[in-house]
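Look at the model below before reading on. The text then goes through the chains one after the other and ends with the place where they meet.

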Amino acid sequence: MRKSLRLLFFCGIFLYLYVPIAILIINAFNLNRYGLRWDGFTLKWFTAMAANPGLMEATRHSLTIAICAASAATAIGCLAAIGFTRYRFVGRRILQGTLMTLMMAPDIILAISLLVLFVGIGIALGFWSLLLSHITFCLPFTVMTVTARLQGFDRFLLDAARDLGASEGQLLRRVVLPLLRPALLSSWLLSFTLSLDDVIVSSFVTGPSYDVLPLKIFSMVKVGVKPEVNALATLMVALSLVLVVISQLLVKERDKNGKNK
Amino acid sequence: MTGKRRLHQQISAHNPGKIAVSDSVLSIRGLSKAFGGLKVLTDISLEVSQGEFITLLGPSGCGKTTLLRLVAGFEKPDRGSVYLDGVDISSLPPEKRQVNTVFQSYALFPHMTVAANVAFGLELKGFRGRELNDRVNQALDQVRMRELADRYPGRLSGGQQQRVAIARAVVNTPRVLLLDEPLSALDARLRRDMQIELKRLQRELGIAFILVTHDQDEALSMSDRVVVMQDSRIAQIGTPREVYEDPANLYVARFIGDINLFPGTVIGRNGKNELQVQIFDRRVLARSDKALQPGQLVQLLLRPEDLRLTEDAAEKVPFFWGSIMERSYRGSTLDTTIHLDAGPVVRACEFFDEDDPDFDYRVGERVKVSWVQGWEVVLPDEDPTH
């Protein structure tokens with residue numbers, strides 16, 4: 001009795017989480033345009049998607065922004081985390097606090113303030129305003145991830161490296177960065193995802209010249225869900241699945257190498 | 001019974017703890033350091049000679065680890081200098097000093113194999129190929145870790161990590177090897193094995209070792225000289241026998257080994273090396289060449305193994321009456337706690353010998369506590385409330 005209840009609960013949760021995605025994927029292959037019933041298997045929505053220049057352009061834009069923002073946020077976040085952990089300087093706590101605030105603040109607030117800022121200093125709304133905004137909201141997450149990893153280290157590792165003759169550059173290249181690799185990767189993946197599916201901030205800070213995917217989809221579904229969108233969403237689910245598997249494999253590899261107790 | 005002989009007459013003749021400056025590798029002169037107004041080191045001076053094994057001994061917070069970090073270059077002194085082979089290295093960063101450290105936590109690089117950890121320092125110095133390999137293998141052989149060269153540190157036991165940490169440091173052929181409580185994380189048996197191992201390694205390498213510890217057994221058994229530290233200062237520098245048998249003050253006496261204290265007053269001096277001291281109701285003769293004035297409060301120090309329990313003390317031998325509170329058999333020795341009639345509780349430790357009638361005492365039995373004359377140490381009483 002108890003066992004079957006537990007199984008039921010377990011299944012319920014999984015259904016709740018994955019049924020919507022499953023329906024979306026099924027409809028991507030459904031001949032029926034409105035997904036009301038199963039009319040047979042087709043790949044025509046994928047071809048329709050590829051033939052839609054606006055959608056493809058928005059996808060390209062989104063991936064470009066996501067890759068650039070994730071890379072920049074990871075690089076800046078890594079250096080910031082090293083600075084926060086290694087040095088004690090005036091304003092360190094305030095700086096850390098403001099990063100936290102940035103993470104907690106509602107996106108809409110961030111979006112409006114960024115818009116006001118860009119208009120105020122005369123940055124045209126488009127690629128650059130979008131990239132800067134995405135770096136901004138990804139940064140707290142990368143700093144947090146890298147800081148957590150840094151704090152897990154034996155703090156004498158850096159001393160040991162210097163003791164053995166490492167200069168600052170060698171210390172970073174041969175000890176700190178290799179040890180941070182898993183954290184850097186997860187920061188990058190996290191930022192990539194955050195950037196890719198952001199709607200609120202992007203809708204404020206981009207202009208008509210630079211349409212991104214979430215906004216494009218949003219405008220397309222205003223008049224009913226188009227099956228091309230289902231096809232595109234299916235591809236994105238597949239992509240995120242691949243990313244998750246990669247990151248899990250990386251974590252496993254790190255454990256195999258044996259973290260210091 | 002112990003065959004030891006008191007040293008302190010011999011010692012004073014050759015000026016303890018002083019080494020000719022000519023063979024000195026490391027010279028620490030007048031070092032002081034404070035952290036946020038708190039004095040951690042005050043005017044520390046120490047000469048370390050080639051191939052010497054030095055222990056910095058003291059309780060936690062006495063500044064011994066800070067002293068090590070100043071020598072390694074992780075901290076900068078407020079005052080004073082550190083010389084290596086006669087060159088002032090006080091302002092050099094750690095990577096430019098020919099000194100290596102074995103850290104308490106070992107601090108092995110978790111993302112590198114044992115061999116890569118050991119090779120790290122040599123690679124930075126430009127060693128490549130065969131020579132690098134040979135040197136790494138030689139160092140791993142010295143600590144008997146060659147078979148585990150391809151393991152990652154996370155897969156090693158504490159003792160094995162310790163060996164790798166030592167190999168990683170000595171492979172760079174430092175002038176001085178610094179060891180920060182290297183054995184504190186190991187269990188008692190392994191610690192004893194590693195003590196012997198370290199001693200052997202040090203003899204083979206001929207490098208000066210400076211080891212920080214709060215374990216007095218470790219300090220006595222391993223060192224050529226012990227530096228006893230007390231509240232940011234050096235309390236005494238001497239060979240293990242000197243610090244144990246002729247402690248410079250009550251702090252050192254209490255910190256190293258067990259000690260029995262008999263409070264007394266100086267009555268007068270008989271010649272150069274003998275004092276008359278009033279202890280409780282008795283007047284005893286004690287060897288001492290220290291400048292102590294009649295009337296001065298002193299403590300007579302006797303180690304547990306110096307005390308004798310007897311019923312028939314000869315006339316000339318000093319003794320005190322007491323009753324036995326506790327006896328514990330420890331295999332090779334028999335420890336006794338005695339409550340003296342005059343007040344204090346003292347501890348005696350005798351080698352066990354089942355034929356000796358003295359070993360038949362029961363708890364509560366009355367005994368005379370005496371000692372071999374000349375084995376006592378007289379020190380001025382630092383705390384007059386005793």
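The paragraphs that follow describe the two chains, their parts and their contacts.

This is a predicted model, in which local features need pLDDT of at least 70 and side-chain atom pairs count only at pLDDT 80 or more, while totals for chains, interfaces and linings use all residues. Residues are numbered from 1 along each chain as its sequence is written, chains are lettered from A and ligands numbered from 1 in the order in which they are written, and side-chain values use heavy atoms, with hydrogens and water left out.

Begin with chain A. Its secondary structure consists of 11 helices and zero strands; helices here are DSSP runs of H or I with at least four residues, strands are runs of E with at least two, and both are numbered from the N terminus. The C-alpha atoms of chain A fill a box of roughly 70 × 65 × 35 Å along the principal axes. Of the 261 residues in chain A, 38% are buried. Buried means under 20% relative accessible area, exposed means over 50%, and partly exposed lies in between, with a 1.4 Å probe and protein chains only. Contacts give another view of the fold: among those in chain A with a separation of 6 or more, 74% are between residues 24 or more positions apart. A contact means heavy atoms within 4.5 Å.

Chain A is divided into domain 1 (1-42) and domain 2 (53-257), with bounds that come from an automatic or database domain assignment. The C-alpha centres of domain 1 of chain A and domain 2 of chain A lie 31 Å apart. How many residues of each are in contact? Seven residues of domain 1 of chain A touch six residues of domain 2 of chain A. About 580 Å² is buried between domain 1 of chain A and domain 2 of chain A, and carbon and sulfur atoms give 70% of that area. On the side of domain 1 of chain A, the residues that lose the most area to domain 2 of chain A are Leu24(A), Ala28(A) and Arg33(A), together 65% of what that side buries. Buried area is the accessible area (1.4 Å probe) that two parts lose on being put together, summed over both. The count of salt bridges between domain 1 of chain A and domain 2 of chain A is zero. A salt bridge is a side-chain nitrogen of Lys or Arg within 4 Å of a carboxyl oxygen of Asp or Glu.

Next come the cysteines. A disulfide is a covalent bond between the sulfur atoms of two cysteines. The rule used here asks for a pair of cysteine sulfur atoms within 2.5 Å, and a search of the whole structure finds zero disulfides over all chains. Cys138(A) has 0% relative accessibility, so it counts as buried. Cys11(A), at 38%, counts as partly exposed.

Chain B has nine helices and 20 strands. Its C-alpha trace spans about 75 × 45 × 35 Å along the principal axes, and 53% of its 386 residues count as buried.

Strands of a sheet pair through backbone hydrogen bonds, either parallel or antiparallel. Two strands are taken to pair if DSSP finds at least two bridges between them. In chain B, four strands form an open sheet in the order E2-E1-E4-E5, with antiparallel pairing. The edge strands are E2 and E5 (87-88) of chain B, each of which pairs on one side only. Strand E1 (residues 24-35) and strand E2 (residues 38-49) of chain B pair over eight bridges, and Leu26(B) has Val48(B) as its bridge partner in E2(B). Two residues lie between the strands of this hairpin, where Gly36(B) takes a positive phi near 55°. Five bridges join E1(B) to strand E4 (residues 79-84) of chain B; here Ile28(B) is partnered by Val82(B).

A second hairpin in chain B is made of E17(B) and E18(B), with four residues between them. Gly343(B) in its turn has a positive phi of about 130°. Seven antiparallel bridges join strand E17 (residues 333-340) of chain B to E18(B), and Thr333(B) stands opposite Phe351(B). In a regular strand the side chains alternate between the two faces of the sheet. Strand E18 (residues 345-351) of chain B has Val346(B), Ala348(B) and Glu350(B) on its covered face, and Val345(B), Arg347(B), Cys349(B) and Phe351(B) on the uncovered one.

Finally, consider where the chains meet. 29 residues of chain B are in contact with 24 residues of chain A. Chain B and chain A bury about 2,400 Å² between them, 55% of it on carbon and sulfur atoms. The interface of chain B and chain A holds three salt bridges. The side chains of Asp159(A) and Arg69(B) meet in a salt bridge, at 3.1 Å from N to O.
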